[in-house]
Amino acid sequence: MSGRSYPALVAPVLTLTAVGALAFAFSPGLVLSEAHARPASIQDSASVALSEIRVEGNQRIEAETVKAYMTLRPGDKLGPDSVDGSLKSLFATGLFADVSITRSGSALLVKVVENPIINRVVFEGNRRIDEKKLQTELQLRPRHVYTRTKVQEDVKRVLDVYRHSGRFAVTVEPKIIELEQNRVDLVFEVNEGPSTYVQRINFVGNKKYSDDLLKEMIATKEERWYRFLSSSDTYDPDRMNYDRELLRRFYLRQGYSDFRVISSVAELTPDRSGFFMTFTVDEGDRYTFGEQKIEIALPDMDAVDLSSVIVGQQGDWYNADYVEETVQALTDAVGALGYAFVDVRPRVKRDRKSRIIDIVYEIQEGPRVYVDRIDISGNMRTLDSVVRREMQLVEGDAFNSARLRRSRDKIRNLGFFEKVEVTNVPSETAPDQTTVKVDVRERSTGSLMFGVGWSSSDGALFNTSLSERNLLGKGQDVRLSLTAAERKQEVELGFTEPYFLDRPLAAGFDVFARERDRQRESSYDIKEMGVGLRLGFDYDEHWRQGLRYTVSETEITKVKATASRYLRGARQSGSASRINEGKSVLSMVGQTLSYDRRDNVIEPKEGYIVRLSTDVAGAGGSEKFVRGALDAQQYISITDDAVLMQQGMIGAVEGLGQDVRFVRNYYLGGDNLRGFKYGGAGPRDKLTGDSFGAKWIAAGTTELRFPLGLPEELGISAKSFIDYGISGEPDGVLASEVNKSSKARVSAGVGLVWKSPMGPVSIDLAQALVKENYDKTEFFRFNFGTRF
């Protein structure tokens with residue numbers, strides 16, 4: 001950098017200063033002050049009419065613009081008050097570092113020193129926080145007018161950013177470097193200092209729940225070595241306020257309706273190395289639900305018809321979440337019956353002696369309010385249309401708070417934004433209208449990932465992928481992935497348009513090329529390349545339909561000379577079997593219909609999902625078959641952290657005028673039957689031991705996932721499971737040459753799941769309990785894939 005550097009908050013003393021009351025230099029040697037006597041010359045000139053105004057010192061700003069900011073005009077009478085007003089007006093613009101006004105006869109001479117223009121804003125010394133993030137917090141930008149007030153405000157903003165990341169010892173010193181043409185470079189010199197962690201969290205007044213349990217309920221955590229990838233153990237005053245709310249919600253869910261946080265204090269240690277946080281609470285008594293009734297003031301509607309939607313039964317522990325869910329359910333139910341304007345209010349009657357809470361849900365016709373407009377802010381890259389199409393309300397609709405909440409949830413589920421706030425405020429145009437405000441803060445949606453790992457099925461592997469979930473701000477998804485492993489190579493390109501033809505239709509395509517080593521199981525390799533088209537849409541909140549079309553070429557290669565004769569082209573006498581070795585062309589259409597009632601798509605704890613898939617091959621190509629599968633999963637929450645999962649599936653494939661190739665069969669073992677190798681529990685050649693797969697399969701799992709008592713941030717949980725399955729026979733083989741059994745196989749085991757920062761890790765130890773002597777088993781199964 002060139003030029004001289006000065007502290008940004010130390011500037012030459014201005015003729016116009018502000019100390020208590022504003023003081024101005026009005027004429028050489030005289031100071032005009034609102035709090036002191038006026039110069040005698042001004043008092044004497046009160047009857048003088050102003051003839052002209054001359055401006056000096058201006059470089060960028062036109063003289064007429066300077067005059068326009070003044071309250072005095074030619075022809076006005078000169079006086080102390082009118083001069084004061086002009087000085088204040090000029091200084092209030094923030095455009096001038098110095099202003100002086102002197103009188104020459106009946107003329108005024110206005111001398112100004114313009115504030116410089118910022119050439120650029122840079123940071124020095126910031127290592128922990130990226131400069132782009134700091135720049136977004138600043139008011140001052142290149143080509144903005146430099147003022148000391150705004151610099152002071154920006155320093156405070158930068159300090160807040162660092163303090164929210166746990167660095168309370170940070171210092172920020174702004175400096176300016178003068179350039180030609182009254183321009184400056186603004187430099188913020190940052191000394192970050194050490195991180196200030198939360199060393200201890202204490203609770204006072206808690207009798208029903210331990211400190212350890214309450215620590216799990218709040219967002220702030222105590223400093224631990226394994227939290228090096230998290231900021232939850234740094235002190236953040238905003239997060240501490242959120243912790244108060246989390247504690248309140250937890251106790252209200254458990255029935256403690258009188259709970260309150262008396263105080264929350266964060267004390268900095270004497271050496272300023274950390275914080276001690278203390279929450280003082282009053283738990284109060286625990287309540288149960290008493291009588292819950294509905295009082296409805298709408299015509300032609302019976303409260304009895306709505307009683308089934310009430311969540312929580314009499315005698316259950318009181319739960320504030322149940323009350324909120326009931327209000328939501330009643331709003332939706334009444335709205336579905338045609339009442340757009342409805343107000344559901346729970347009236348709570350608390351019996352402190354018997355510790356029972358009776359609730360009356362009052363349903364009344366709400367005020368007739370319509371949506372005036374929808375304002376979207378904060379989306380710098382994402383198009384407004386991407387946000388608007390997720391809104392359940394549009395301009396002119398009857399306002400509905402339930403739809404407003406659903407709109408917020410749908411926008412959050414996009415995954416494009418760190419923050420989503422959807423609120424409504426009274427309209428400025430009419431009292432019966434409301435304006436919906438959507439405020440978002442975008443997050444990065446693109447990623448470049450590299451991975452290394454190892455799995456029992458594919459061996460050592462390397463993976464790289466490039467993806468963008470919000471392409472050009474249009475909400476489109478594109479991804480390119482490459483996987484190279486000992487037993488698998490795969491390249492795939494995919495694209496999805498979530499609103500095809502401006503309708504809620506998710507349309508996309510996939511281009512793929514795969515090669516997989518099946519030598520261990522079946523003495524051959526598979527090569528496949530092709531293109532897939534897909535279309536998906538929702539019938540409602542729970543039902544979803546997916547359609548697809550795939551065309552591909554599949555080749556069975558590297559068949560061992562010692563492989564089963566059926567893999568090398570032999571067929572059962574009189575069979576219409578396709579030769580398994582060699583190439584085939586697949587042209588297939590299919591669909592998947594799903595019904596999803598899970599509480600969470602990523603980590604469900606309650607609910608179930610059912611999927612029905614069907615495929616038909618034969619509209620072109622050389623393979624002809626029909627295939628169908630039905631699978632279901634159910635989740636039951638045993639405790640807050642333990643979840644029981646039951647899963648079952650059945651699938652079948654049948655040739656259309658020809659036998660089904662082995663590669664289209666179902667294989668039992670591996671991920672669908674732990675304790676057995678992939679294809680290890682199905683039919684196989686008696687002579688060579690090659691697995692053929694089966695035309696039908698049924699498999700199931702009962703699995704319990706539970707915590708190990710380790711800190712939640714480690715992401716480690718345990719599981720115990722029982723797997724079971726049975727399979728049928730393949731096409732085109734002699735029964736006398738195949739080992740097969742109609743007996744179900746059963747295995748059981750335990751395992752660990754680690755949601756590591758570098759990818760998921762799964763370890764299973766399983767023992768085959770029911771098996772045939774020709775089955776291929778395995779005790780240890782390990783899958784690991786890192787991302788960095």
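**Close-up views of a predicted model**

At 64% relative accessibility, Leu472 counts as exposed (exposed means over 50% relative accessible area, buried under 20%, partly exposed in between, with a 1.4 Å probe and protein chains only). This is a predicted model in which local features need pLDDT of at least 70, side-chain atom pairs count only at pLDDT 80 or more, and totals for chains, interfaces and linings use all residues. Residues are numbered from 1 along each chain as its sequence is written, and side-chain values use heavy atoms, with hydrogens and water left out.

**View A. Leu472 in its loop.** Leu472 sits in the loop between strand S21 (459-471) and strand S22 (476-485); strands are DSSP runs of E with at least two residues, numbered from the N terminus. Its phi is positive, about 55°, although Leu472 is not a glycine. Most residues other than glycine have a negative phi.

**View B. Asp502 in its loop.** The loop between strand S23 (488-497) and strand S24 (506-518) holds Asp502. Asp502 is not a glycine, yet has a positive phi near 60°. With 75% relative accessibility, Asp502 counts as exposed.

**View C. Ala718 and its contacts.** Ala718 belongs to strand S33 (residues 716-727) and counts as buried because its relative accessibility is 6%. Leaving aside residues up to four places away in sequence, Ala718 touches Leu704, Arg705, Phe706, Leu708, Gly751 and Leu752 (contact means heavy atoms within 4.5 Å). Ala718 and Ile763 are 45 residues apart in sequence, and their C-alpha atoms are 9.6 Å apart in space.

How values were computed
Helix = DSSP H or I, 4+ residues; strand = E, 2+ residues; numbered from the N terminus.
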